[in-house]
Amino acid sequence: MVKLTMIARVTDGLPLAEGLDDIQDADFYKQQAKSLFKNLSMGQIEASRMSVETGPYIFHYNIEGRVCYLTMCDRSYPKKLAFQYLEDLKNEFERVNGSQIETAARPYAFIKFDTFIQKTKKLYQDTRTQRNITKLNDELYEVHQIMTRNVQEVLGVGEKLDQVSQMSSRLTSESRIYADKARDLNRQALIRKWAPVAIVIGVVILLFWAKNKIW
């Protein structure tokens with residue numbers, strides 16, 4: 001069965017719409033979905049379609065244009081139906097909200113789309129209906145080549161890249177600090193080296209000036 005549906009803008013991971021069933025640990029799986037959106041927006045996941053296993057469920061997502069359509073289903077739910085469900089959502093979402101996607105400035109700007117999500121989800125819940133059996137037998141719609149990965153593996157890639165980025169920033173910051181300290185030390189060394197010479201020259205000039213004044 002379809003458990004969770006979310007739609008987000010790929011460029012920045014902004015959630016645009018959502019459809020949620022009453023499932024245990026819903027917030028946990030929503031956070032995982034948002035982490036997937038974040039990784040996609042940062043270019044850390046390249047596949048435009050993928051299935052991602054998480055606990056007893058599996059995420060399926062499909063990217064079309066600027067939008068990612070994601071659903072979470074029971075592992076036993078047919079992958080082909082899940083992606084056809086996302087295809088139906090994509091067609092309607094583009095038709096109704098396509099011109100406003102780029103200008104959306106707040107999360108869940110198209111929350112009213114949940115009505116269509118709930119209506120469409122009901123059509124796909126029972127895999128034994130003639131409608132869904134026909135879709136499952138549709139040889140023109142193939143999903144065998146869509147990659148399936150584990151959620152820790154997928155999100156771990158983003159976490160590792162974030163760690164590398166943070167380490168790089170920290171090293172850059174430390175390098176600047178060391179460079180500043182090195183400049184200060186060089187300046188102090190020059191002062192210690194030439195200060196006595198400058199003092200001697202100053203004294204000589206002062207004596208020479210005083211001598212001229214006296215004479």
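**Exercise 1.** Classify Arg 66 in this predicted model as buried, partly exposed or exposed.

Solution. Step 1: the relative accessibility of Arg 66 is 36%. Step 2: buried requires under 20% and exposed over 50%, with partly exposed in between. Step 3: Arg 66 therefore counts as partly exposed.

**Exercise 2.** Identify the salt-bridge partner of Arg 66 and state where both residues lie.

Solution. Step 1: the partner is Glu 102, with the closest N and O atoms 2.9 Å apart. Step 2: this pair links distant parts of the chain, 36 residues apart. Arg 66 sits in the loop between strand E4 (57-64) and strand E5 (67-74), and Glu 102 in the loop between helix H2 (79-97) and helix H3 (114-125). Step 3: Glu 102 has a relative accessibility of 44%, so it counts as partly exposed.

**Exercise 3.** Show that the contact between Glu 153 and Arg 149 meets the salt-bridge cut-off, and give the number of salt bridges in the structure.

Solution. Step 1: the closest N and O atoms of Glu 153 and Arg 149 are 3.4 Å apart. Step 2: the cut-off is within 4 Å, so the pair qualifies. Step 3: Glu 153 is partly exposed, at 44% relative accessible area. Step 4: the structure holds 9 salt bridges.

Note on methods. Residues numbered from 1 in each chain as written. Predicted model: local features only at pLDDT ≥ 70, side-chain atom pairs only at ≥ 80, totals over all residues. Heavy atoms only, no water. Salt bridge = Lys/Arg side-chain N within 4 Å of Asp/Glu carboxyl O. Helix = DSSP H or I, 4+ residues; strand = E, 2+ residues; numbered from the N terminus. Buried < 20%, exposed > 50% of the residue type's maximum accessible area, 1.4 Å probe, protein only.
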